[in-house]
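Please keep the structure open while reading.

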Amino acid sequence: MKKIIALSLGAMLMGSAASAANLVYCSEGSPEGFDPALYTSGTTFDASARNVMNSLVEFKHGETETEPGLAESWEVSEDGLEYTFKLRQGVKFHTTDFFTPTRDLNADDVIFSFERQGSADSPYHAMTQGASYEYYNSMSMPDLIKSIEKIDDYTVKFVLNRPEAPMIANLAMPFASIGSKEYADQLIEAGTPELFNQQPIGTGPFKFVGYQKDAVIRFARNDDYWQEPAAIENLIFAITPDASVRFQKLKAGECHVMPYPNPADLEAMKSDPNINVVSREGLNVGYLAYNTKVAPFDKPEVRKALNQAIDKQAIVDGIFQGAGAPAKNPIPPTMWSYNDATVDDAYDPEAAKAALEAAGVTDLSMKIWAMPVQRPYNPNARRMAEMMQADLEKVGVKAEIVSYEWGEYLERSKAEDRDGAVLLGWTGDNGDPDNFLAVLLGCDAVGDANRAQWCNEEFDGIIKQAKEESDQAERTKLYEQAQIIFKEQAPWLTIAHSVVNEPISTKVQGYKIDPFGGHVFYGVSLTE
């Protein structure tokens, strides 16, 4: 194992030059771990759920529509409270240097994968020190799921406490990936449960081979995959945080796919005969989340005043350079239920000054947290923070810019006593408004994905009602109301929605931009 991990990136790239079956992806950052149940970051999902694992339900390649995954079929009761899944038979978990399964996937693995997230009494709940099942909790899954029952080895029934309109789409998300109970048992018996988050085992198209921290992740094709095996034999993540360096590697043929290009580089990329720039309107939003539990950000009038102080259009023009549009709502305009009737906080420094004075706020100092990674919804967080800093200074607010390594940034920013406002964003994971409004702004998500720590009872009641409503027209009305409350309360400065651009080598065939912001390499091939 150590020999494999220690292979130099150069050696791997030479191998890729010699074979059209080895694909190198210049990823933008290191994963926080390899257990998708523990995290919400797309960087982590790319290295785990999206290429190594499967869920009961899957999204079709490059689409928002669901299709059968590890469950070949399912039935929903008339009252919407029971979901019965029939599992595929003959699905094999990965055989690797560190694990050899003795049985195929069955109902025990499904129950294990959910109960370890939802039950603190589960022996698997704390396999990773400090485990926090952020997504499971933010989506109110502990309150939603009453029980999970094993009908037989290949039939599982989920019994809910209430109807959940987006239930099937939710189960296609990365946090719902199915892991191996047998592997978890082996690790616990060996006294090494933490390896569950370091050496992943799944049923997906690629098997984990090794990870050299902050440098490279290696995967190999799973020849026992329950679908057609992948065309790619070896998948290599070359971790390259700098977008300019990723571009240089792509031009030099050292990688085949790169995410999150600098907007300023797009014209050069489009003029390169060896590069294709594929584009898609993003299902995303970038935002600045105030900590509404800490004074004076606990006052809506202060938050709205700060919003008025920041020149959002100048930020969009300077940072996105034609690849973004100002955002006024917490969901993108391409999503159903988007409320175009809401009114944004207009840029007005004089009004901002007056509102701060009226609120009794003087000599305000605050922190602006700047992400250390690029995303379509924020291509350059540091520069964005600097522009905000300059705008706030004009209205007498002193802002200090802070940042941390990506995993630490995500963890620290969840703190309910966190100082200041956090630059973050979101790319939808299932095509449903609930995935933005409940996950990022619901009361159950405070201390987790709700970085504004905002719990508004009226807003929360509306989005919970919308979850239980099966009629999309009625759900739309509820979500439109929720967006009005959001604008009145202003827990965020909504910044931008962006177009997603992905530069890829002309040798790459079959690659599709994932609407949920992922990087999926099953179905992709390379020409010589």
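Two residues are said to meet, or to be in contact, when they have heavy atoms within 4.5 Å of each other. The model in view is a predicted one.

Start with helix H12, residues 300-309, and helix H14, residues 349-358. Their axes come within 7 Å and cross at roughly 155°. An angle over 145 degrees counts as roughly antiparallel, and H12 and H14 are therefore roughly antiparallel to each other. The crossing of these two helices, H12 and H14, is left-handed. On the H12 side the contact is made by Val-302, Ala-305, Gln-308 and Ala-309. Facing them from H14 are Pro-349, Ala-351, Ala-352, Ala-355 and Leu-356. Sorted by class, the residues of this contact of H12 with H14 are 8 nonpolar and 1 polar, with no charged residue.

H12 has a further partner, helix H19, which covers residues 472-489. The axes of H12 and H19 come within 8 Å, and the crossing angle is roughly 85°. Angles of 65 to 115 degrees count as roughly perpendicular, so H12 and H19 are roughly perpendicular to each other. In this contact, H12 supplies Pro-300, Arg-303 and Lys-304. H19 supplies Lys-487, Glu-488 and Gln-489. What is the make-up by class of the contact of H12 with H19? There are 4 charged residues, 1 nonpolar and 1 polar.

Pro-296 sits in the loop between strand S12 (284-290) and H12. The peptide bond from Ala-295 to Pro-296 is cis, and its omega is near 0°.

Another backbone feature is found at Tyr-260. This residue, Tyr-260, is not a glycine, yet has a positive phi of about 50°. Tyr-260 is placed in the loop between helix H10 (243-251) and helix H11 (266-271).

Elsewhere, helix H5 (residues 107-118) packs with helix H9 (residues 181-190), their axes coming within 8 Å and crossing at roughly 65°. That angle makes H5 roughly perpendicular to H9. From H5, the residues in contact are Asp-108, Asp-109 and Phe-112. From H9, they are Lys-181, Glu-182 and Ala-184. This contact of H5 with H9 has 4 charged and 2 nonpolar residues, and no polar ones.

The largest cavity has a volume of about 360 Å³. Its lining has 28 residues, and the closest to the centre are Thr-40, Gly-42, Arg-375, Tyr-377 and Thr-427. Helix H3 (42-47), helix H16 (406-412), strand S16 (421-427) and strand S17 (492-505) are the elements that each give two or more residues to this lining of the largest cavity. The largest share comes from S16, with 4 residues. By class, the lining of the largest cavity has 14 nonpolar, 8 polar and 6 charged residues.

The second largest cavity has a volume of about 140 Å³. It is lined by 15 residues, and those nearest its centre are Pro-261, Pro-376, Pro-379, Val-499 and Asn-501. Which element gives the largest share of the lining of the second largest cavity? S17 does, with 5 residues. The class count for this lining of the second largest cavity is 11 nonpolar, 2 polar and 2 charged.

Helix H4 (49-52), strand S2 (57-59) and strand S3 (66-68) are the elements that give two or more residues to the lining of the largest pocket. S2 gives the most, with 3 residues. The lining of the largest pocket divides into 15 nonpolar, 9 polar and 9 charged residues.

How values were computed: Residues numbered from 1 in each chain as written. Predicted model: local features only at pLDDT ≥ 70, side-chain atom pairs only at ≥ 80, totals over all residues. Heavy atoms only, no water. 1 Å grid on protein atoms, 1.4 Å probe; cavity = no way out; pocket = protein on both sides within 12 Å on 5 of 7 lines; lining within 4 Å. Points joined across faces, edges and corners; volume = space filled by probe spheres on them. Nonpolar A, V, L, I, M, F, W, Y, C, P; charged D, E, K, R; others polar. Axes fitted to C-alpha atoms, helices over the stretch in contact; angles between N-to-C directions. Parallel < 35°, antiparallel > 145°, perpendicular 65-115°, else oblique. Left-handed = near helix turned anticlockwise from the far one by under 90°.
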